Amino acid sequence: MIEENLEIWPTVLLDSVATRKSGHTPNKSHSEFWNGGIKWVSLADSSKLDDRYIETTDKQISALGIKNSSAVLLPAGTVILSRDAGVGKSAVLAEEMAVSQHFMAWICDERKTHNLFLYYWLQRKKPEFESIATGSTIKTIGLPYFKKLVISLPPFKEQCQIASILSRWDDSLSILSQLIDAKRQQKRGLAEQLLKGRLRLPGFDGVWEEKRLGEIFHLLIGGTPSRDNPDYWDVNNDTKNIWLSISDLKEKYISSSRERISNLGVKKSNVKLIPPSTVLMSFKLTLGRAAISNCPLYTNEAICAFVPIKDGSVDVEYFYQSIAIMNFLEDADIAVKGATMNKAKLLSFHVFLPPLGEQQAIAAVLSTLDSEISALEALKAKVAEQKRGLMDALLTGRVRVNVEDAS
């Protein structure tokens, strides 16, 4: 049962209800301090945070590494928070681990603070952590902030109930994530078979061809009007001159963008008009990210457009799906900011082409799987939004769970 909160929860110093710890990095010049079986959470593990429990780490240290540094062995159940890069990300240790100096850690007093309640409380405060972090290169939160950090605590039993409720929502999100991963894996496997002719759809027996991209496509590469001239940019969206950067390639079909350029910007730059139903692909930084234009548009110099030399030779959906199985990274130039490929290399890649009707049938099968994945992702996003709303209500004390049973 959930009802309005008629009481005010006491606000206490977090240090008074949990033992705060920090971490350290053993000397990397001593090999005996490393690879000793003790899991060690570092910034390399940022992608594993914000998912309740952290179970694996990128690096391990040894008992000697603990003994000869300021690192400490933290018990299972310790709540950790990144205070540097990835600031505000948090997790609960699934087993004994150590952490680097980039993390704060709290060992909860089991009589006063439930560790999962603290984890969810930190999750809710993540935007605040991100906003107060300072630094020119790496944002960080200084130790004085955490010494003064206060928390509003309901009775311990109610903390347990809140943590249990939110954990059930996270369990649902985890199941959805697993379903999405399984569906993506299913699609990848089927795409490899269908797009290379290893598996034929019933009713098709035509001859396949293998062709270089340069044999079937013109490659159009965009540009960026000068940022120094505001007249080149349509800040009021008065024109229809959609202009894409890589960050706009988020959906399969593209019909809008964050920015537009003016007619003067079109005239005074090397942008090229891309027709509708054209496959677009990033070939710098995020090599291989693809989309299909839903309308005439322009792109920057990091995006290329595949315009068929002969109309009707390649189904747009089929070629969009084919890009996903091309291993561009093998021939890419790897730079600090990401992988890049030049025009000649890109046009040297091959695509397998069945007759047009079979292309369309294969594209329909794979597009159906895309739709199923998108539906699962939309459901996951909806559940995550509902969970955020409930978490906000429960952790601010606006509502209470089983108030009559809390003690």
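I worked from a predicted model, in which local features need pLDDT of at least 70, side-chain atom pairs count only at pLDDT 80 or more, and totals for chains, interfaces and linings use all residues. Residues are numbered from 1 along each chain as its sequence is written, and side-chain values use heavy atoms, with hydrogens and water left out.

**Entry 1: H8 and H10.** I took helices (H or I, at least four residues) and strands (E, at least two) as DSSP runs numbered from the N terminus. Helix H8 (residues 316–323) packs against helix H10 (residues 356–395) at an angle of about 60°, their axes lying 8 Å apart. That makes H8 oblique to H10; angles under 35 degrees count as roughly parallel, over 145 as roughly antiparallel, 65 to 115 as roughly perpendicular and the rest as oblique. From H8, the contact (heavy atoms within 4.5 Å) is made by Glu317, Tyr318, Tyr320 and Gln321. H10 contributes Gln359, Ile362, Ala363, Leu366, Ser367 and Asp370.

**Entry 2: H2.** I next asked how many residues of helix H2 (residues 115–124) are buried. Nine of the ten are buried, so H2 is largely enclosed by the rest of the structure; buried means under 20% relative accessible area, exposed over 50%, partly exposed in between (1.4 Å probe, protein chains only). Among the buried residues I noted Phe117, Tyr119, Tyr120 and Trp121.

**Entry 3: Ser100.** I located Ser100 in the loop between strand S9 (98–99) and strand S10 (103–108). Ser100 counts as buried, at 1% relative accessibility. Leaving out residues up to four places away in sequence, Ser100 touches Gly23, His24, Thr25, Trp40, Val41 and Ser42.

Conventions
Axes fitted to C-alpha atoms, helices over the stretch in contact; angles between N-to-C directions.
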